[in-house]
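Subject: Structure handover

Hello,

Here is the structure you were going to take over. My notes on it come after the sequence and coordinates.

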Amino acid sequence: MKTLYLKAEDKDAARVSARILKDGGLVAIPTETVYGLAANALDPEAVKSIFEAKGRPQDNPLIVHVSSLEEAERLVEKMDPRAYALAERFWPGPLTIIMKKSDIVPDAVTAGLDTVAIRMPSHPFAAEIIRLSGVPFAAPSANSSGKPSPTNASHVAQDMDGKIDAIVDGGECEVGVESTVITLATEVPTLLRPGGVTPDELEEVLGKISVSHAVYEKLNEGERVQSPGMKYKHYAPSAQVTIIKGSFANYEKFLKAQNDDVCAVCFNGEGRNFNKFIEYGVEGNSDTQAHRLFDALREVDEMGCARAFVRCPETTGVGLAVYNRLLRSAAFRVIDVDIDIPVIGLTGQTGAGKSTFAELLKEEGYYIVDTDILARKAVESRAVIDQLCKCFGEDIAENGVLDRRELARRAFSSPEKTELLNSVTHPEIIRLTIEEIHRAEAEKARAAVVDAPVLFECALKDMCNFTVCVTAPEEERIERIIMRDSISREDAILRISAQKSEKYYVEKSGIIIKNGQNDDMKIQLVKLNERID
Ligand code: TXA
Ligand code: MG
């Protein structure tokens with residue numbers, strides 16, 4: 001299909017669009033929130049083609065757009081008095097109201113639900129084509145399902161060119177995130193999706209409202225949802241997105257510790273601190289963030305980075321909408337980099353007695369973060385397995401379970417492949433490590449001790465206030481390895497020679513703990529306690 005490109009300010013654009021809609025076609029149009037992919041809401045065939053063009057799951061209902069209260073009244077069983085009050089205050093504008101539907105609304109629009117979502121857009125072009133066509137239009141955001149919603153015509157073209165009849169360019173959308181969705185079909189009005197109209201504003205009209213927990217949290221497996229749209233991964237660029245909570249100073253430190261293939265998605269004026277960055281609005285000004293957000297997420301992909309770390313927005317007012325969209329684009333991955341507990345790195349050569357020392361620390365009230373365990377946990381994550389499959393072949397996992405042996409065989413076949421493996425697993429290990437450090441914080445531990453054999457080779461070292469290394473004479477280490485792993489002397493020596501020298505560890509560490517036959521580690525613990533307390 002050849003897509004027709006129109007400009008909203010052109011004399012004929014509204015008339016041509018209205019004609020296409022009337023004839024059962026699809027037109028992407030500007031609204032004040034995001035671009036919508038419109039079809040005649042009363043024509044089931046036309047509505048079906050929306051789902052096809054977007055690749056949208058069939059059970060996700062659409063919003064019907066009207067230009068008058070009379071039109072809204074026809075779509076519902078009975079207009080709720082509270083809907084009149086909401087309309088009076090917020091229509092036309094970025095608010096969608098859900099009520100029991102009337103018979104004229106096709107099942108294709110509501111995905112078989114007995115309710116319908118209605119909104120009166122304030123964008124003059126959207127309003128005009130409803131008037132000209134004489135029919136309300138159903139319109140989801142005009143993106144491919146799962147991608148960030150489009151806030152300008154070129155975003156729409158990226159996803160929809162050749163799939164729909166026309167795209168109308170009306171410049172940038174003012175609000176930038178989709179409408180607020182509230183349902184009046186529940187006993188207490190419930191906010192299903194935050195947007196340009198804030199919870200406080202809604203309460204001014206409705207009194208107490210409730211907020212669906214899906215606004216903030218991941219749904220449980222198999223949970224029934226009030227708004228089907230909330231269960232899908234959404235607003236996601238191809239890059240892996242993570243929200244970073246905390247001060248700018250800690251954000252910067254965290255990002256600097258990552259490899260080069262990352263993009264800082266930060267507030268205006270902060271970008272110059274990073275190699276690759278995208279700024280998404282003014283800190284503390286949610287309107288500017290909402291306006292920029294989706295464009296920024298699309299830019300992440302144009303930049304081609306594997307991972308993006310987004311500064312966490314405020315979560316009040318319109319900020320709640322920004323946060324809600326980011327949570328979904330990040331598949332709920334949030335890292336809090338404000339750490340209020342000392343973090344100590346613990347490392348050393350194999351056989352030196354790192355684990356024995358860790359046991360001692362535990363008795364003294366330290367919280368041990370065992371990164372070996374976290375490394376194993378990391379490769380159980382669905383997202384990590386998916387990525388590993390992409391890098392090392394689909395056949396390294398079966399039914400979501402990783403074949404570790406085969407992965408090791410392929411990943412350790414060359415330094416480049418090992419590097420690739422690390423680039424996939426390290427970010428997840430770091431995320432899990434920080435999660436554990438927060439647990440230590442919550443348990444009021446003396447300090448968190450990150451026990452990591454390869455501490456100095458990865459970003460974990462940058463999170464530690466200082467590092468402790470455990471050393472022991474080589475001959476004693478050989479003996480311990482032979483005992484511990486039941487291997488031959490030759491193999492034990494081989495293992496030791498594959499590691500970095502003692503000098504390497506010692507030079508990089510703030511405290512050295514000696515663990516030879518005649519050393520008492522318990523006495524040496526004082527050095528550490530003094531530094532912490
Ligand atoms: O700002 C907007 O609302 C934009 C513009 C184009 O108007 N439209 C939009 O539509 O965001 P869409 O399809 O991307 O999102 C509609 C949301 C989905 O989460 C859907 O599940 C929910 O509204 N929804 C629609 N009808 C519903 C119903 N009857 N009950 C519960 N949720 C409903
Ligand atoms: Mg959408």
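The notes below cover the ligand site, the salt bridges and a few backbone points.

Please keep in mind that this is a predicted model.

Ligand site

Around ligand 1 there are 25 residues, and the nearest of them are T33, N60, H65, S179 and G229. By type, this shell contains 11 nonpolar, 10 polar and four charged residues. Three strands, β4 (63–65), β6 (115–119) and β10 (190–193), each contribute at least two residues to the shell. The largest share, three residues, is that of β6.

- T33: an N or O atom of its side chain is 2.7 Å from an oxygen atom of ligand 1.
- T115: here a nitrogen atom of ligand 1 lies 3.0 Å from a side-chain N or O atom.
- S141: a side-chain N or O atom is 3.1 Å from an oxygen atom of ligand 1.

Taken alone, ligand 1 exposes 680 Å², of which the protein buries 97%.

Salt bridges

Side chains of opposite charge can pair when their charged atoms come close. The structure holds 34 salt bridges.

R409 forms a salt bridge with E406, with 2.8 Å between the closest N and O atoms. R410 also forms a salt bridge with E406, and there the closest N and O atoms are 2.8 Å apart. R409 and E406 are separated by about one helical turn because they are three residues apart in α15. R410 and E406 are four residues apart in that helix, again about one turn. E406 counts as buried because its relative accessible area is 18%, under the 20% cut-off. R409, at 56% relative accessibility, is exposed.

R477 is buried, at 3% relative accessibility, whereas E474 is partly exposed at 44%. Elsewhere, salt bridges that share partners join E428, R431, E435, E436 and R439 into one network.

Backbone points

The peptide bond between W91 and P92 is cis, with omega about -10°. P92 is in the loop between α4 (81–90) and β5 (95–100). The C-alpha atom of W91 is 15 Å from that of E128, and the two residues are 37 apart along the chain. E128 belongs to helix α6 (residues 124–133) and is partly exposed, at 34% relative accessibility.

Which residues have a positive phi although they are not glycines? F332 has a phi of about 70°, and S486 has one of about 45°. F332 sits in the loop between α11 (319–329) and β16 (334–336). Its relative accessible area is 24%, so F332 counts as partly exposed. S486 is found in the loop between α17 (474–485) and α18 (489–497). With a relative accessible area of 65%, S486 is exposed.

Regards

Conventions
Residues are numbered from 1 along each chain as its sequence is written. Chains are lettered from A and ligands numbered from 1 in the order in which they are written. This is a predicted model: local features need pLDDT of at least 70, side-chain atom pairs count only at pLDDT 80 or more; totals for chains, interfaces and linings use all residues. Side-chain values use heavy atoms; hydrogens and water are left out. Buried means under 20% relative accessible area, exposed over 50%, partly exposed in between (1.4 Å probe, protein chains only). A residue is near a molecule or strand if one of its heavy atoms lies within 4 Å of it. A polar contact is a pair of N or O atoms within 3.5 Å; within protein, one must be able to donate a hydrogen and the other to accept it, and residues adjacent in sequence count only if both atoms are side-chain atoms. Accessible areas come from the Shrake-Rupley method with a 1.4 Å probe; for residues, only the protein chains shown count as cover. Ala, Val, Leu, Ile, Met, Phe, Trp, Tyr, Cys and Pro count as nonpolar, Asp, Glu, Lys and Arg as charged, and the others, Gly among them, as polar. A salt bridge is a side-chain nitrogen of Lys or Arg within 4 Å of a carboxyl oxygen of Asp or Glu.
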